[in-house]
Structures are given as C-alpha cells and as structure tokens.
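Colleague: I would like to learn how to read helix packing and loop geometry. Could we work through a case together?

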Amino acid sequence: MLPFLQPRAVGLLNYERLVTLPQTGQALRNTAFYLLGLLPLTVALPVFIAILTQDLQGRWRNLYRALIFLPLIIAPVVAAAVWRWLLDPQFGLVNAVIGAFGLEPVRFLNDPNFALWSIVWITGWKLMGFSTLIVSAALSSINPSLIEAARIDCASEWEVTRHIRLPLLSPTIFLLVLLTIMVGAQWTFTYIHVLTQGGPLDSSTNIYYLLWQFGFGSLAAGWASAAGMILFVGFGVVGLALIWIMNRVTFHDN
C-alpha cells in the first residue's frame, strides 16, 4: 500500500493463503446466509404487500405509501444509529417490550446467535420500500382489460393473482432476485461496519467486509485484490446463470 515500495509478483500465493484462511470460509457462509435471508424481505414480502395494497384509495393509500417508503429515504448511517438504540440491551425499545413479557433482555448485536439475524432484518427493512415501489410500478403497467375479462368470467381474486398478476410480474420478481443476490451483501456493509464491525467472533462479517478489512484495516493489498477477483468471478458466474434462467422462465405480455 505504500507508494514508494516496488510491487513484487507472487503468482497465486495470495489466492492460496486466502482460501486456507478460516475467516474466508466464515465470511462466505455468512454472505450466503445474508443473501438467502434477504430474499423474503426484498422479494416475497414486497410482492405480497404491493398486491394487497394495489386497490387502496384515498388517505389509506397515502398512509401506506408514507409507512412503506419511510425507511428508503433514511440515510443508512442514521438508520444504523436508530437501530443501535432500538436494540440496546439496557435502554432499547425492543428489549423494553421483551421485558414487559417477563423475558430476559436479548443482546441482539453482541450475541453471535443474533447478530447475523439482526443485520439481515435491518438491511431488509431498509430495502423493503424500494422493492415494493418497483413491484407497485409493475402492477400498474398490467393491462386492466386482462383483469376485467377474468372477473367477467367469475374468476376469484386469488385466480386473478395466480394466473394474471404473478405471471406478468415474473420479470420484475426475477429482477429483484437478481439485484438481491448480486448486491444484497454489499447493502449490509454499512450496518456491519457501524453496528458490529463484523463481530462478535466474526459472526456477522461477510466477504465484502472481509475485503475491506484486508485493504483498509490490515493494509494487505494483495489479499484484498485476490478477494476482489474471487468476488468478481464468483458473482459474475452467478449473475450470468440468473440472467439465463430469467430469459427462459419469465412471461411477457405482448
């Protein structure tokens, strides 16, 4: 990292050391956990909310929009600071509610069993409004004559959703899945850095945070570069596979 030092070729040594490092395996497992944990919050729940609230009118529609989009406009560092207070084991609102039921306080950010789940929830809560916005826009673009024709044929609301809305939403759903898998772990970086710093015991770190620690924590530029290349190749392959699947299973209205 020092500008006056001459670079020295080491071949694949950085890759060999990286793959044998215990923190790398832990970070990769946590990255997979983050991605799988975010999918219900950034895909399934927004689709359900958007369909359920599609026909809301008047002030209820405005109230819904304000509640669902509020997390989206809060700066990530501010959101992290608010959740730090909410989840505080002594003075947090969440533990005050838990204590009202006679239960012991939960150390959400300091217990290895809860830190990972807490970061997943905070990241998903922040992104839920963004995903709902995209799904709502896609729902508005569906040709209303298709739904009217189905209702004239006495189709139930579930049948309209099952056979018209969900198939026509499939490109949007796959787009959200693609976004979550490709950049979901990156979206957790701010919350990991502010709330847990990857701990306790590396239980909440992921491959992006590990890369940052190599590059800017220990100034191991070689290891950081190797981790970046592994990320680029790994997520590139996954992205191409997802695009290939999306082109074959999604349904488009002509």
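Colleague: What covers the buried residues of α10?

Modeller: First, the basis. This is a predicted model, where local features need pLDDT of at least 70, side-chain atom pairs count only at pLDDT 80 or more, and totals for chains, interfaces and linings use all residues. Residues are numbered from 1 along each chain as its sequence is written, and side-chain values use heavy atoms, leaving out hydrogens and water. Helices are DSSP runs (H or I, at least four residues), numbered from the N terminus. The cover of α10's buried residues includes α1 (13–20), α2, α8 (157–187), α9 (189–196) and α11 (221–249); contact means heavy atoms within 4.5 Å.

Colleague: Which residues of α10 are buried?

Modeller: Buried means under 20% relative accessible area. In α10 (residues 207–217) they are Ile 207, Tyr 208, Tyr 209, Leu 210, Phe 214 and Gly 215.

Colleague: How do the axes of α2 and α6 cross?

Modeller: Two packed helices are described by the angle and the distance between their axes. The axes of α2 (residues 22–52) and α6 (residues 112–140) come within 7 Å and cross at roughly 40°.

Colleague: Where is Pro 200, and which peptide bond is cis?

Modeller: Pro 200 lies in the loop between α9 and α10. The bond from Gly 199 to Pro 200 is cis, with omega near -5°.

Colleague: Is Leu 201 buried or exposed?

Modeller: Leu 201 is exposed (over 50%), at a relative accessible area of 77%. Its phi is near 60°, a positive value in a residue other than glycine.

Notes. Axes fitted to C-alpha atoms, helices over the stretch in contact; angles between N-to-C directions. Helix = DSSP H or I, 4+ residues; strand = E, 2+ residues; numbered from the N terminus. Buried < 20%, exposed > 50% of the residue type's maximum accessible area, 1.4 Å probe, protein only.
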